[in-house]
Amino acid sequence: MSETAQLKIGDKTYDLPVIEGTEGEKAIDISKLRDQSGYVTLDIGYKNTGATKSAITFLDGEVGILKYRGYPIEQLAEKSTFIEVAYLLIYGKLPTAEQLQAFEFEISHHTLVHEDMKKFFDGFPSGSHPMGQLSSLIGALAAFNPASLKQGLSAGEINIEIIKLIAKMSTIVSWIYKKSLGHPVIYPRNKYDYVTNFMHMTFGQRTEDVEIDPVVVSAMNKLLILHADHEQNCSTSTVRIVGSSDANLYASISAGISALWGPLHGGANQAVVEMLQKIKEDGGDVDKWVAKAKDKNDPFRLMGFGHRVYKNFDPRAKIIKKACDDILEKLGINDETLEIAKKLEEVALSDPYFVERKLYPNVDFYSGIIYTALGFPTEMFTVLFALGRLPGWIAQWKEMKANKEPIGRPRQIYVGETDKNYTDIKDRK
Ligand code: SDX
């Protein structure tokens, strides 16, 4: 006997079905509420509202659990590669050796980008933010892949666009970096695996093939895996709602990139390192900055702290923090901002303000320090987040279409003016 919830409004009682997910989460299905009662629900920021049923990622913010297709993030970060995790997220299972080889072959043979894409860079003013460039360039891929605009694409036709997007985004991200330096772009090499190829295109030189440190490749795989998906966060919800209008894959992902740009979301990794550098320049007085973060009259927030869902440690932050120590030691880097970050964490986690509000370090708190150690400039951090999140966005977009979900169209409660009449401009005050 399935459970129902009862909603009493005035002298009427409405029975609402309760659904339970495979991890024991429960929801009250209100899809018929307005038809039955004339009422809608209001939940600004969707803090308590489920937008879909998904089989891709599960997280439990109370205890700090994160799983992709049922596999704990700790196992995947330790044992898998980013491309294998991308396959898992998009196709729903770990690939066999042959499937993985075919997937990597397909991707490596689509990494070239149409030469005319370079013309876009001539239009960007120098110093324009990499996230703005990335969103524009990914949206522009639809122009170079007109087949993606066809309605009613078959699964095979959708899959080709997915392969192209994963392949070309790594090339485009590296080109954005090279163009920011005024350096010539480096072309992909089919002999390299996905992450090595990305590092080759990003840090390689036109005149010679530079040796890509396997330690760096391993750290990059881990970082990209940790960012690969995260349920219905702001940017993923954006991808799903744009895709629900039957907009093409490139347009949907471009919209997700724009949502991720915000400093409250993916832009936090850039904001964290800028914050740590500011604290360092200010003499490293961590207590002063923690006090500012607590002061309601001060707009300063501790970037990289707090989370909409995690009310415990973000499991990704734990893994990244350890990887931080490992990579800095292996590369022989003594990064003062890491010491400030650790001190900031220690002070904040013993302060009642943060403890009461369950504000813990999130995925962005340490990731920027590793990106810096790997040689990336601060402005590229959120672009790297987007590169990691791409398979998750794609998986969620694909699931939404496979489930034939309706166009997203939330309701509202109107609180504006009523019964106004038009007046001539000469009579207005
Ligand atoms: C990501 O959703 C996802 O999954 C996102 C993400 C993913 O993988 O996709 O995990 C990636 O976006 C991580 C979050 C990165 N953002 C930051 O680090 C920015 C700093 N953090 C915050 O701005 C904030 O914590 C949010 C935006 C992350 C969450 O905001 P909520 O859930 O809407 O919480 P809130 O703003 O209502 O804050 C609750 C209280 C408030 O104080 P009171 O009004 O109760 O007195 O906590 C305070 C806030 O002022 N607070 C902070 C704080 N975060 C919340 N105070 C100081 N510093 C902070 N960082």
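Student: In this model, which residue stands opposite Tyr-71 in β6?

Tutor: Strands of a sheet pair through backbone hydrogen bonds, either parallel or antiparallel. In this predicted model, the residue that stands opposite Tyr-71 of β6 is Tyr-68. Strand β5, residues 65-68, pairs with β6 in the antiparallel sense, and two bridges hold the pairing.

Student: How many bridges join β4 to β5?

Tutor: There are four bridges between β4 and β5, and these strands run antiparallel.

Student: Which residues take a positive phi in the hairpins?

Tutor: In the hairpin of β4 and β5, four residues lie between the strands, and Gly-64 has a positive phi near 75 degrees. The hairpin of β5 and β6 has two residues between the strands; there Arg-69 takes a positive phi near 50 degrees.

Student: Which side chains of β5 are buried?

Tutor: The side chains of β5 alternate along the strand.

Student: Let us turn to helices. At what angle do α4 and α7 pack?

Tutor: Helix α4 (residues 97-108) packs against helix α7 (residues 155-181) at about 70 degrees, and their axes are 8 Å apart. An angle from 65 to 115 degrees counts as roughly perpendicular, and α4 and α7 are therefore roughly perpendicular to each other. The crossing of these two helices is right-handed. On the α4 side the contact is made by Phe-103, Glu-106 and Ile-107, and on the α7 side by Ile-160, Ile-163, Ile-166 and Ala-167. By class, the residues of this contact are six nonpolar, no polar and one charged.

Student: Are α6 and α11 roughly parallel or roughly antiparallel to each other?

Tutor: Helix α6 (residues 130-144) and helix α11 (residues 249-261) pack at about 170 degrees, with axes 7 Å apart. Angles over 145 degrees count as roughly antiparallel, so α6 and α11 are roughly antiparallel to each other. Residues of α6 in the contact include Met-131, Leu-134 and Ile-138, and those of α11 include Tyr-250, Ile-253 and Trp-261. The contact of α6 with α11 has ten nonpolar, five polar and no charged residues.

Student: Why is helix α8 described as largely enclosed by the rest of the structure?

Tutor: The reason is that nine of the ten residues of α8 (residues 194-203) are buried. Among the buried residues of α8 are Tyr-194, Phe-198, His-200 and Thr-202. The elements that cover them include α3 (82-91), α4, α7, α9 (214-226) and α18.

Student: Is His-129 buried or exposed?

Tutor: A residue is buried when its relative accessible area is under 20%. His-129 has 17% and is therefore buried. His-129 lies in the loop between α5 (118-123) and α6. Residues up to four places away in sequence aside, His-129 touches Trp-261, Gln-270 and Glu-379.

Student: Is Arg-411 buried or exposed?

Tutor: The cut-off for exposed is over 50%. Arg-411, at 53% relative accessibility, therefore counts as exposed. Arg-411 is in the segment after α18 (381-402). Apart from its neighbours within four places in sequence, Arg-411 is in contact with Arg-34 and Val-40. The C-alpha atoms of Arg-411 and Leu-42 are separated by 8.4 Å, although these residues are 369 residues apart along the chain.

How values were computed
Residues are numbered from 1 along each chain as its sequence is written. This is a predicted model: local features need pLDDT of at least 70, side-chain atom pairs count only at pLDDT 80 or more; totals for chains, interfaces and linings use all residues. Side-chain values use heavy atoms; hydrogens and water are left out. Axes are lines fitted to C-alpha atoms, for helices over the stretch in contact, and angles run from 0 to 180 degrees between N-to-C directions. Angles under 35 degrees count as roughly parallel, over 145 as roughly antiparallel, 65 to 115 as roughly perpendicular and the rest as oblique. A crossing is left-handed if the near helix is turned anticlockwise from the far one by less than a right angle, and right-handed if clockwise. Contact means heavy atoms within 4.5 Å. Ala, Val, Leu, Ile, Met, Phe, Trp, Tyr, Cys and Pro count as nonpolar, Asp, Glu, Lys and Arg as charged, and the others, Gly among them, as polar. Two strands pair if DSSP finds at least two bridges between them. Buried means under 20% relative accessible area, exposed over 50%, partly exposed in between (1.4 Å probe, protein chains only).
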